[in-house]
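Biologist: I have a new model open and would like to learn the words that go with it. Could you take me through them?

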Amino acid sequence: MPTQTVDVASVDEIPEGKVKTVTADSLRIALCNYGGTIYAIDDVCTHDGGPLGQGELEGKEIECPRHGARFDVTSGQVTALPAVRPVRTYPVHVSNGRIFVDLSS
Amino acid sequence: MATQAKTLVDKDYKYGFRDQTDSYAFKARKGIDHDIVEQISLMKKEPQWMRDFRHRSLDIFFAKPLPPWADLEALGQINFDDIYYYMRASDIEGKTWEEVPEDIKRTFDRLGIPEAERKFLGGVTAQYDSEVVYHSIRKDLEAQGVLFSDMDAGLREHEDIVREHFAKVIPPADNKFSALNSAVWSGGSFIWVPPGVRVDIPLQAYFRINAESMGQFERTLIIAEPGSFVHYIEGCTAPTYSSNSLHSAVVELIAKEGAHIRYTTIQNWYKNIYNLVTKRAIAHKNAHVEWVDGNIGSRLTMKYPSVYMVGEGARGDVLSIAYASEGMHQDAGSKMVHAAPNTTSIITSKSVSKGGGRTSYRGLVKVYEGCDGVKSNVRCDALLMDPESRSDTYPTMEIDAKNVRIEHEATVSKVGEEQLFYVMSRGMTEVEATTMIVNGFFEPFVKELPMEYAVELNRLIALEMEGSVG
Amino acid sequence: MTETILTQQAQVERGLIDRILKDEPDWLGDLRRAAFMRYEALPQPDEKTPGWRRLSLAGLDLRAPTPVPTSFEYWAAEDDLKRGLVVCSLATALGTHEDAIREAIGMEHHGKSVGRYAAIAEAAWQNGIFVFAPEGFEASEPIRIDVTAGTYPRVVIVARAKSKLTIAETHRESERVSAGVVDVMCGEASHVHYAHVQDCAKTSSVFSHQRATMARDSKLVSLNFGIGGRLARTDVEVELRGEGAESDMLGLVFAEDQQEFDYRTLQGHRSPNTRSDLLFKAALDDRSHSSYTGVIIIDRGAQRSDAYQANRNLLLGEGARADTEPMLEIEADDVRCTHGATVGPVDEEQLFYAESRGLSPDQGARLIVEGFFQEVFQKFGRPSVTEPLSGMVAPHLERVGAS
């Protein structure tokens with residue numbers, strides 16, 4: 001399957017420990033800076049379907065503000081209930097200070 | 001009645017029970033703010049991460065609204081500023097026996113509760129004497145490698161285990177009252193069972209009560225490692241009084257692969273108490289969690305013991321009874337979340353309303369996509385004893401998998417005239433007959449209780465039915 | 001998928017309502033204006049609206065459409081019409097049966113069908129349908145009404161004391177959105193059989209609000225049959241106001257593709273010795289979805305009432321989903337009340353039995369689904385009405401397979 005990589009933001013826009021939500025190809029994505037590396041996940045909490053990117057990062061976990069569900073942004077896995085399904089992750093690569101997210105598959 | 005455990009007055013660290021009445025200059029006052037939270041944490045000498053956790057939780061508590069679907073008429077009467085959120089044993093001992101309501105004292109008489117225990121149940125004393133039986137139980141547990149202490153000690157002595165699991169099942173942001181508990185929790189039980197270990201004797205809350213804050217905001221965490229088994233019992237059937245009217249506990253159960261946890265609760269809070277509890281379990285592959293829940297007291301109880309089945313073959317059961325008389329509302333239920341295939345849930349809820357009492361059942365059975373082979377059975381029965389009483393049922397099912405078997409059935413009725421007539425024709429009075437019928441109605445629950453609880457529950461029901469006729 | 005920015009602005013202009021009510025009695029104008037105000041005050045529903053979370057609304061434009069008057073055809077026995085049965089447009093009936101219409105439309109509703117779509121339908125309906133059975137009248141044949149076009153079908157059925165009639169109302173509109181309101185007044189000791197058949201275009205969003213008020217000793221058997229529409233939301237409320245009233249509510253849905261069926265019912269027991277029984281069945285193929293919410297309310301004074309409610313969901317497709325929320329609010333004690341719900345695929349044992357009789361798995365599955373429906377048709381009990389419905393299901397049944 002051909003990659004569908006989209007330039008979504010500049011690295012400068014996301015300081016370490018912060019989250020920024022972007023829209024790419026009608027998908028809402030949350031970009032998370034953990035330890036200097038950018039990770040991309042769906043901006044959708046698998047518990048209630050609402051936005052996840054409004055939550056805060058604690059280490060490599062993002063916490064959904066509405067009911068406290070947590071996800072590991074590096075793998076998408078759930079680390080705290082009430083979410084039970086992992087959140088989708090997208091491969092990211094950074095080039096020339098720009099963040100590219102691979103939306104294929 | 002329940003076995004009584006001896007609490008050691010001299011602070012014995014080895015057993016993990018100590019009353020944290022330090023020389024800290026804490027002044028008990030009403031209302032909740034960051035200052036109080038900070039003091040609670042400092043007095044308990046908690047690690048920084050728990051202190052931060054409490055502060056963050058308090059902010060969440062302030063920000064969250066009351067749940068709009070709840071009994072707001074009752075909830076709306078809570079004045080959050082007019083409550084003590086933390087009291088040490090010395091603060092509690094200021095109460096006198098005279099303050100304890102008369103009807104509770106009468107029930108103590110009828111039930112034959114021992115003197116020392118009366119003072120404890122009446123909220124007049126923070127500690128009570130108990131027997132040495134408890135010591136030998138502790139020895140057995142140590143030999144098996146089982147950890148059992150109050151939550152404060154658990155955090156102090158097993159910080160790694162606690163940190164790994166704390167708030168992963170019920171995060172502070174889950175609801176307004178879990179946020180409150182997360183900010184001001186004190187006491188509760190911490191249990192860790194090593195892999196493959198079966199704890200044959202039920203562990204009881206009485207074993208480790210040290211009465212801080214009179215059980216107002218208890219936090220319990222039970223972790224059963226793979227293949228282990230433990231049964232925990234809390235509460236008691238005797239009426240319990242507390243001058244602090246807001247109780248909000250959080251109970252988190254973690255049943256790892258093949259583990260089995262049974263959690264039994266009986267609460268009979270006096271009718272001034274708002275008992276708002278968040279209880280949830282996570283069950284991994286082939287694990288089994290059972291909630292046995294009896295609600296016979298309080299002004300308003302909101303409690304929905306839940307099981308999130310995240311591993312294949314997991315199983316969740318809830319067996320609950322509720323009894324509501326005048327001025328009471330038992331708002332109970334359960335949430336069963338099937339997030340893995342071939343998981344099973346069974347909910348059995350029985351409630352009785354009398355004299356204007358109100359019982360509600362609120363439940364959710366949710367099956368996620370891809371979870372084939374799920375079986376769920378919900379059965380709610382409600383008995384209305386008279387025209388003043390009320391019963392509501394609000395069960396919801398959200399089913400996103402096809403090869404499943406989901407069933408729900410609920411019935412509301414009153415004690416049948418034919419039934420009553422038949423029983424009375426055997427020579428019983430109407431009170432005796434009614435008692436027998438209600439006991440029979442609750443029987444599936446009562447037979448799951450340890451003997452002494454079952455006996456006392458039956459006596460209590462008899463007392464209540466006496467009040468209902470004539 | 002491009003994001004359409006939908007405006008909150010009313011699609012229906014106030015001026016249009018004023019024009020519609022110009023030649024109507026004042027009381028009706030007042031009702032229309034009040035309904036329009038309710039419509040304006042309520043927000044346009046979407047996935048975030050409570051109760052709408054689980055509906056798949058992709059690609060749907062749910063704004064209230066510009067009013068198009070209702071067009072319909074009807075069949076009734078010549079003799080019945082001669083003996084006093086009335087079937088005509090509401091507009092016409094305002095001239096001859098104004099009081100009856102006023103009584104029916106003017107009822108206050110405590111149920112849930114007071115949402116935005118009911119409001120605009122009550123404000124902007126044109127033409128409408130009126131059925132009237134005088135006291136003691138017994139119809140010799142069912143009355144058939146076919147609604148072919150129109151955005152806000154407004155139906156009023158008045159059955160006077162001791163009358164007996166059967167009405168089958170079929171909807172085949174293909175409007176983008178249609179919202180209808182049906183009011184049934186069951187007079188003392190009347191017997192009414194009412195079938196509401198929804199076979200609209202599979203691109204339509206159809207909102208239907210059906211309310212029945214039952215007087216003492218009346219009997220109402222209603223059937224809601226849904227097979228069309230992309231999104232069909234139906235609210236059915238029965239108020240058992242008079243002692244001895246009996247209501248049987250039947251619902252049947254056959255869904256496929258991405259169809260969404262959202263049924264909400266209310267069984268309201270307001271008087272002693274009333275009985276209601278509800279059976280709602282949904283067969284769901286492909287990735288369709290059914291959501292059922294049913295409330296039984298038994299008022300404090302409604303002693304010796306019995307209420308039953310059952311929701312059965314048959315999942316035929318891998319992506320099919322069913323939600324069910326049966327609710328009880330009981331304030332009287334001398335009652336008997338039961339509700340139940342089940343969700344599951346074609347029963348394995350039944351399939352095995354069919355195969356042991358020489359049927360292929362697919363044939364077995366089809367037979368079982370047919371049986372699933374037949375129970376509902378039999379309970380309605382008017383073969384001339386239900387046979388065509390079986391016919392409507394048949395081609396869809398061909399697609400049902402055992403896996």
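Modeller: Gladly, and let us begin with overall size. Chain C has 403 residues, for which a compact globule would have a radius of gyration near 22 Å; chain C has 21 Å, which agrees. The radius is taken over C-alpha atoms, and the globule rule is 2.2 Å times the number of residues to the power 0.38. Along its principal axes, the C-alpha trace of chain C spans about 65 × 55 × 45 Å.

Biologist: Where does the model come from, and how are its parts numbered?

Modeller: This is a predicted model: local features need pLDDT of at least 70, side-chain atom pairs count only at pLDDT 80 or more, and totals for chains, interfaces and linings use all residues. Residues are numbered from 1 along each chain as its sequence is written, while chains are lettered from A and ligands numbered from 1 in the order in which they are written.

Biologist: How many helices and strands does chain C have?

Modeller: Chain C has nine helices and 18 strands. They are DSSP runs numbered from the N terminus, helices being H or I with at least four residues and strands E with at least two.

Biologist: Why are strand 19 of chain B and strand 18 of chain C called paired?

Modeller: Two strands pair if DSSP finds at least two bridges between them. Eight bridges join these two, which run antiparallel, so they pair. One of the bridges links S413(B) with R336(C).

Biologist: Into which domains is chain C divided?

Modeller: Domain 1 is 14-345 and domain 2 is 348-403, with bounds from an automatic or database domain assignment. Their C-alpha centres lie 27 Å apart. Their contact takes 22 residues from domain 1 and 15 residues from domain 2. Strand 12 of chain C gives the largest share of the domain 1 side, four residues.

Technical notes: Two residues are in contact if their C-beta atoms, placed from the backbone, lie within 7 Å.
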